[in-house]
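Thanks for coming. Please have a look before I start.

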Amino acid sequence: MTKIYIIHENSEWTNHLTKRLEELELPYEEWFMDEGLVDLSSTPPEGVFFSRMSASSHTRGHQYAPELTSALFSWLEGSGRTVLNGSSALKLEVSKVNQYAELEAHGIRTPKTIAAVGKDQIIEAAKKLEKSSFITKHNRAGKGLGVQLFHSIDALKEYVYSERFEPSVDGITLVQEYIQSPEKYITRCEFVGGRFVYAVQVDTSEGFELCPADACQIGDLFCPVGEEPVQRPKFQILDDFDQEMIRKYEDLLRANKIQVAGIECIRNENGETFTYDINTNTNYNSDAEAQAGNYGMLELAKYLGEKLKTAKAVGI
């Protein structure tokens, strides 16, 4: 039976999609990628394969899920299967360095960032940055991993050489200029099928003192996944957003064969926009969507249904 295959390692982030697929009576199967086998000599089943693999999988005990998924993609794509958010998307998902390079290549401004391996090199990176305030974050991140705000080199040294220091799972720590928004919010632009769906404004004023660049993803409190955190931040879907920026984002997604994404940006006190994160495993805030009457997972389920119809027509 030709069906939709959902490739992931976190059911809590996936059941919002499967509920929509069931509403639309679309056949699907989940492939949980915590561990497994990829028989390269076998033939993949027919259908549409959609990835929700996350860079933060190691925080849930699934450290090598992205690597296993990469092997799976080589098998599926090599066999001509329809893979949505495949190898190109995964390359960006697990590396902010790759994200920033691709953003800059498409004329999209990012915060000044230096990648460092080694504690001494993290200190040197901060000195080289020459900023009064800066942050550290993990290269392979998600959920705000490793995000710390510093106002001096001495404060950074105290953290890096202490037991509190949290290394990145891939060994790469990013030292980045701190972009402060006077309005205390960031904006996340959501795309399905490579096309803009809506922008959501995320209020970061409620006690948030780390980098606004990860306001949507600092633990459960700031994660727009539609779960029930202790204290919900404010999310508001916007009627409109910078159309020139949207065009650049869509061009980037098309060039990287990414069908589903949430791209985050922030404006500084001069009104300059900085883009700092590409989420290819994107989630949506249910309260904001209900208020606006615009539902990301429903649009995604419809899109997957259309891709399944096409796959059935051509027999792959």
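I begin in helix H5, where Lys127 and Glu124 are three residues apart and therefore separated by about one helical turn. Helices here are DSSP runs of H or I with at least four residues, strands are runs of E with at least two, and both are numbered from the N terminus. The side chains of Lys127 and Glu124 meet in a salt bridge, at 3.7 Å from N to O; the term means a side-chain nitrogen of Lys or Arg within 4 Å of a carboxyl oxygen of Asp or Glu.

Some background on the model. This is a predicted model, in which local features need pLDDT of at least 70, side-chain atom pairs count only at pLDDT 80 or more, and totals for chains, interfaces and linings use all residues. Residues are numbered from 1 along each chain as its sequence is written, and side-chain values use heavy atoms, with hydrogens and water left out. The pLDDT, the predictor's confidence in each residue from 0 to 100, averages 89 over the chain, and 91% of the residues score at least 70. Over residues 207–230 pLDDT stays under 50.

Lys127 has a relative accessibility of 40%, so it counts as partly exposed, and Glu124 is partly exposed at 42%. The cut-offs are under 20% relative accessible area for buried, over 50% for exposed, and partly exposed in between, with a 1.4 Å probe and protein chains only. H5 covers residues 119–129, and its buried residues are Ile122, Ile123, Ala125, Ala126 and Leu129. Seen down the helix axis they fall within an arc of 155°, so they line one face of H5; the arc is taken from the directions from the axis to the C-beta atoms. Their cover includes strands E5 (113–116), E6 (134–138) and E8 (173–177), along with helix H6 (153–160). After H5 comes Glu130, with a positive phi near 55°.

The salt bridges number 15. Arg254 pairs with Asp251, with the closest N and O atoms 2.4 Å apart. Both lie in helix H7 (residues 243–255), three residues apart, about one turn of the helix. Arg254 is exposed at 55%, whereas Asp251 is partly exposed at 24%. Both also belong to a network of salt bridges that links them with Glu244 and Arg247. In a further bridge, Glu299 and Lys302 have their closest N and O atoms 4.0 Å apart.

Now the aromatics. How many aromatic pairs does the structure hold? There are nine, where rings of Phe, Tyr and Trp (its six-membered ring) pair if their centres lie within 6.5 Å; planes under 30 degrees apart count as stacked, over 60 as edge-to-face and the rest as tilted. Trp31 and Phe49 have ring centres 5.6 Å apart and planes at 55°, so this pair is tilted. Trp31 is in strand E2 (residues 28–32) and Phe49 in strand E3 (residues 47–51), 18 residues apart. Both residues are buried.

Tyr198 and Tyr284 form an edge-to-face pair, 6.4 Å centre to centre with 65° between the planes. Tyr198 lies in strand E10 (residues 195–203) and Tyr284 in the loop between strand E13 (273–279) and helix H8 (286–292), so the pair ties together parts 86 residues apart in sequence. Tyr198 and Tyr284 are buried. Ring pairs also link Phe134, Phe150, Tyr159 and Phe165 into a cluster.

How values were computed
Contact = heavy atoms within 4.5 Å.
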